[in-house]
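Q: I would like to learn how to read the features of a model such as this one. Could we take them one at a time, with the general idea before the case?

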Amino acid sequence: MKIFWTILVIYLVIMNIAAMSMTIIDKRRAIRNRYYNRISERALLFTALFGGAPLMYLTMLSIRHKTKHKKFMITLPIIYLVCRPLLDNFIKVVITYFVSV
């Protein structure tokens, strides 16, 4: 059971780092007018859906990327709020896991 939680922690960390990286890369490409090689909105939203919503939302706010798009400013917090109870339980389990080790 401990291996499951370890893998889940690693997965969420990787997804959040990927979401942050994709957001920053897309912002750089937007500034440099590389519209042909941008990261699609679909890819950004799927990354958020599969665990990267919290850090992606904070990154978008901090670098002011896609903040005028209602699709992102509404969808990302909703994804986070829907997944929030799962994350709360997950955090409790992780804390008890690391305290008991």
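Q: How many aromatic pairs are there in this model?

A: The model is predicted, and ring pairs are judged by the distance between ring centres, with 6.5 Å as the limit. By this rule there is one aromatic pair.

Q: Which rings form the pair, and are they stacked or edge-to-face?

A: Planes under 30 degrees apart count as stacked, and those over 60 as edge-to-face. The rings of F46 and F50 have centres 6.2 Å apart and planes at 15 degrees, so this pair is stacked.

Q: How are F46 and F50 placed in helix α2?

A: F46 and F50 are four residues apart in helix α2, which means that about one helical turn separates them. F46 is partly exposed at a relative accessible area of 43%, and F50 is partly exposed at 46%.

Q: What does the end-to-end span say about α2?

A: The general idea is to set the span between the end C-alpha atoms against that of a straight helix. With 23 residues, a straight helix would span 33 Å at 1.5 Å a residue, but α2 spans only 17 Å.

Q: Where does the kink in α2 lie?

A: The kink lies at G52 and amounts to about 125 degrees. The proline P54 comes shortly after G52. After α2 comes R64, which has a positive phi near 50 degrees.

Q: Which residues of α2 are buried?

A: Burial is read from relative accessible area, and a residue under 20% counts as buried. In α2 the buried residues are L44, L45, T47, A48, G51, G52, A53, M56, T59 and M60.

Q: What does the span of α3 show when read in the same way?

A: Helix α3 covers residues 70–100, 31 residues in total. From first C-alpha to last, α3 reaches 43 Å, close to the expected 45 Å.

Q: Where does α3 bend, and which residues of α3 are buried?

A: α3 bends by about 50 degrees at R84, and the proline P85 follows within four residues. Buried in α3 are F72, M73, L76, I79, F90, V94 and Y97. These buried residues pack against α1 (2–31) and α2 (41–63).

Q: What should I look for in charged side chains?

A: Side chains of opposite charge can pair when their charged atoms come close. In this structure there are four salt bridges.

Q: Where is K66, and is K66 buried or exposed?

A: K66 sits in the loop between α2 and α3. Its relative accessible area is 10%, so K66 counts as buried. Leaving aside residues up to four places away in sequence, K66 touches D26, R38, E41, L44, M60, F72 and M73.

Q: Which salt bridge does K66 form with D26, and what does the pair tie together?

A: D26 and K66 form a salt bridge in which the closest N and O atoms are 3.9 Å apart. D26 lies in helix α1 and K66 in the loop between α2 and α3, so the pair ties together parts 40 residues apart in sequence. Both D26 and K66 are buried.

Q: What joins E41 to K66?

A: A salt bridge joins the side chains of E41 and K66, at 3.6 Å from N to O. E41 belongs to helix α2 and K66 to the loop between α2 and α3, so this pair ties together parts 25 residues apart in sequence. E41 counts as partly exposed, at 25% relative accessibility.

Q: Which salt bridge links E41 and K71?

A: The side chains of K71 and E41 meet at 2.8 Å, N to O. This pair links distant parts of the chain, with K71 in helix α3 and E41 in helix α2, 30 residues apart. K71 is partly exposed, with a relative accessible area of 42%.

Q: Which residues make up the network of salt bridges?

A: The linked residues are D26, R38, E41, K66 and K71.

Q: What is the picture for the whole chain?

A: The protein chain has three helices and zero strands, in the order α-α-α from the N terminus. Its C-alpha atoms fill a box of roughly 50 × 20 × 20 Å along the principal axes. Of its 101 residues, 29% count as buried.

Terms used: Residues are numbered from 1 along each chain as its sequence is written. This is a predicted model: local features need pLDDT of at least 70, side-chain atom pairs count only at pLDDT 80 or more; totals for chains, interfaces and linings use all residues. Side-chain values use heavy atoms; hydrogens and water are left out. Helices (H or I, at least four residues) and strands (E, at least two) are DSSP runs, numbered from the N terminus. The expected span of a helix is 1.5 Å times one less than its number of residues. The bend at a residue is the angle between axes fitted to the seven residues ending there and the seven starting there. Buried means under 20% relative accessible area, exposed over 50%, partly exposed in between (1.4 Å probe, protein chains only). Contact means heavy atoms within 4.5 Å. Rings of Phe, Tyr and Trp (its six-membered ring) pair if their centres lie within 6.5 Å; planes under 30 degrees apart count as stacked, over 60 as edge-to-face and the rest as tilted.
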